[in-house]
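Keep the viewer open as you read.

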Amino acid sequence: MKTIKYLLILCWLLTGVFAGAQEADLSYARHIVKKLASPGFNGRGYRKDGDKKAAAFIAKTFEKQGVAPLFGDTYYQPFELGANTFPGKLRVALNDRNLKPGVDFIVWSGSPAVKGQFPVKVIKRSDLYGTLSDAAQYADGAHYLLIDNRKDEHETMEQAEKANAAILHLRNATELSLPGVIVYDNAKLTWSSQTKPSARPVIFVNQPSIDPVTVTSVVLDVESVWTPAYETQNVAGIIRGTTTPDSLVVVCAHYDHLGRMGKKNYIPGANDNASGTAFILDLARYYAAHPPAYTLVFIAFSGEESGLLGSKAFVKNPPFDLSTIKFLINFDMVGTGEDGMTVVNAPMFPEAFSKLVAINKDKNYLKAVNSRGESCNSDHCPFYEKGVPSFFIYTQGGIAAYHDIHDRYETLPFTAFANLKQLIIDFFE
């Protein structure tokens with residue numbers, strides 16, 4: 001009886017220790033995400049040194065943790081990219097009604113600067129079911145073209161393909177005499193990052209109280225700055241292995257996001273990807289205190305939102321032989337987890353995926369570990385294309401905010417963050 005009593009006490013103590021460690025992990029992660037997603041980091045984009053402030057914060061964190069610089073005496077790997085930014089005025093008004101940026105409209109991130117009042121011609125999505133030549137007739141050189149892009153419930157797949165192709169043509173074709181395009185839709189407003197300017201201003205509007213057919217004019221005052229060779233940087237550190245230091249395990253995440261949309265609005269990027277950055281910093285903190293058998297490399301990439309440019313730059317000029325990487329895991333959007341997680345490249349590396357699944361089944365860390373095939377949708381891809389065994393992990397469920405003003409620290413649940421960390425530690429061991 002005493003033995004059972006002591007065992008129960010021991011289990012209670014161990015449970016308390018584990019719960020305390022998890023709470024410490026969550027507290028640390030929340031601190032990092034709150035910092036990186038705050039207004040002072042300017043959306044971690046390429047205006048007002050958003051990316052540089054984030055990079056300096058990450059490098060300083062590595063240094064405090066005792067993680068050595070990867071590139072000799074520096075944590076930074078510089079590279080250049082094209083950046084179109086919106087630092088100043090951002091006004092859009094339809095029929096003299098001002099719209100709210102990020103709420104009622106977004107400016108396409110490649111749009112050039114524009115100022116003035118312009119007449120508007122309105123067409124429907126169904127008007128674009130013909131050829132590209134048919135679509136080009138709407139470019140009259142004088143009017144902004146407002147496309148009511150709400151889909152008809154009877155639209156066929158062929159019609160959808162033609163309409164989508166026509167809209168892209170009207171937005172991007174340099175030979176068209178078209179001042180600008182307004183796309184009116186009931187779809188979620190989703191911003192992006194562009195590395196080159198577009199042919200004309202493009203505005204996306206989602207404001208149900210406005211009937212697009214009544215729109216006759218648009219007032220625009222949009223400041224944009226095109227920088228063809230903006231210097232940004234990856235940030236990376238290393239912890240040498242205790243027994244097999246020449247074999248590397250790489251954990252990575254991108255820290256960049258979409259920056260500022262005008263003076264007052266920024267895209268916080270809490271889940272995408274302050275959460276992944278916090279995750280690799282938390283792993284670095286753990287392994288700095290518990291030196292691993294293999295050498296661990298931690299990489300925070302810039303330029304992911306612009307087309308995986310940071311990871312491409314790293315692979316093009318790596319500080320070590322890529323063939324020495326035993327495994328790489330990229331973490332992107334890991335701040336949720338109600339529905340478990342998904343592993344991209346799972347079928348490509350079935351033995352490693354089976355180990356993850358077995359550990360999770362034994363320890364019951366996450367609700368599910370789902371398999372997904374290869375996809376070049378995050379920073380694992382340039383490594384994978386060079387033959388490096390690679391996974392890309394993201395969590396599922398929770399908030400649906402993505403590339404918008406709603407991806408904020410305050411809404412991020414961190415549901416599976418601590419358990420995911422322990423799953424990865426068990427997997428590495």
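Start where helix 5 passes helix 9 in a right-handed crossing. A crossing is called right-handed if the near helix is turned clockwise from the far one by less than a right angle, and left-handed if it is turned anticlockwise. Helices here are DSSP runs of H or I with at least four residues, strands are runs of E with at least two, and both are numbered from the N terminus. Before going further, note that this is a predicted model, in which local features need pLDDT of at least 70, side-chain atom pairs count only at pLDDT 80 or more, and totals for chains, interfaces and linings use all residues. Residues are numbered from 1 along each chain as its sequence is written, and side-chain values use heavy atoms, with hydrogens and water left out.

The axes of helix 5 and helix 9 come within 11 Å and cross at roughly 50°. Axes are lines fitted to C-alpha atoms, for helices over the stretch in contact, and angles run from 0 to 180 degrees between N-to-C directions. Helix 5 and helix 9 are therefore oblique to each other; angles under 35 degrees count as roughly parallel, over 145 as roughly antiparallel, 65 to 115 as roughly perpendicular and the rest as oblique. On the helix 5 side, the residues in contact include Phe279, Leu283 and Tyr286, and on the helix 9 side they include Leu420, Ile424 and Phe428. Contact means heavy atoms within 4.5 Å. By class, this contact of helix 5 with helix 9 has ten nonpolar, one polar and three charged residues. Ala, Val, Leu, Ile, Met, Phe, Trp, Tyr, Cys and Pro count as nonpolar, Asp, Glu, Lys and Arg as charged, and the others, Gly among them, as polar.

Helix 5 (residues 270-289) also holds Asn273, and the peptide bond from Asp272 to Asn273 is cis, with omega near 0°. Helix 5 has another partner in helix 2 (residues 50-65): their axes come within 9 Å and cross at roughly 15°. That makes helix 2 roughly parallel to helix 5. The crossing of helix 2 with helix 5 is right-handed. Ile58, Thr61, Phe62 and Gln65 in helix 2 meet a set in helix 5 that includes Leu281 and Arg285.

Now return to helix 9 (residues 417-428), which packs with helix 7 (residues 350-363) at an angle of about 125°, their axes 10 Å apart. That makes helix 7 oblique to helix 9. Among the residues that meet are Leu356 and Ile359 from helix 7, with Ile424 and Phe427 from helix 9. This contact of helix 7 with helix 9 divides into six nonpolar, one polar and three charged residues.

On a 1 Å grid over the protein atoms alone, a cavity is a set of points where a 1.4 Å probe fits but cannot get out, and lining residues have an atom within 4 Å of a point. The largest cavity takes in about 150 Å³, a volume being the space filled by probe spheres set on the points, with grid points joined across faces, edges and corners. Of its 18 lining residues, Tyr46, Asn84, Thr85, Ser193 and Leu258 lie nearest the centre. Strand 2 (residues 76-85) gives the most to this lining, with four residues. The lining divides into five nonpolar, eleven polar and two charged residues.

Note on methods: 1 Å grid on protein atoms, 1.4 Å probe; cavity = no way out; pocket = protein on both sides within 12 Å on 5 of 7 lines; lining within 4 Å.
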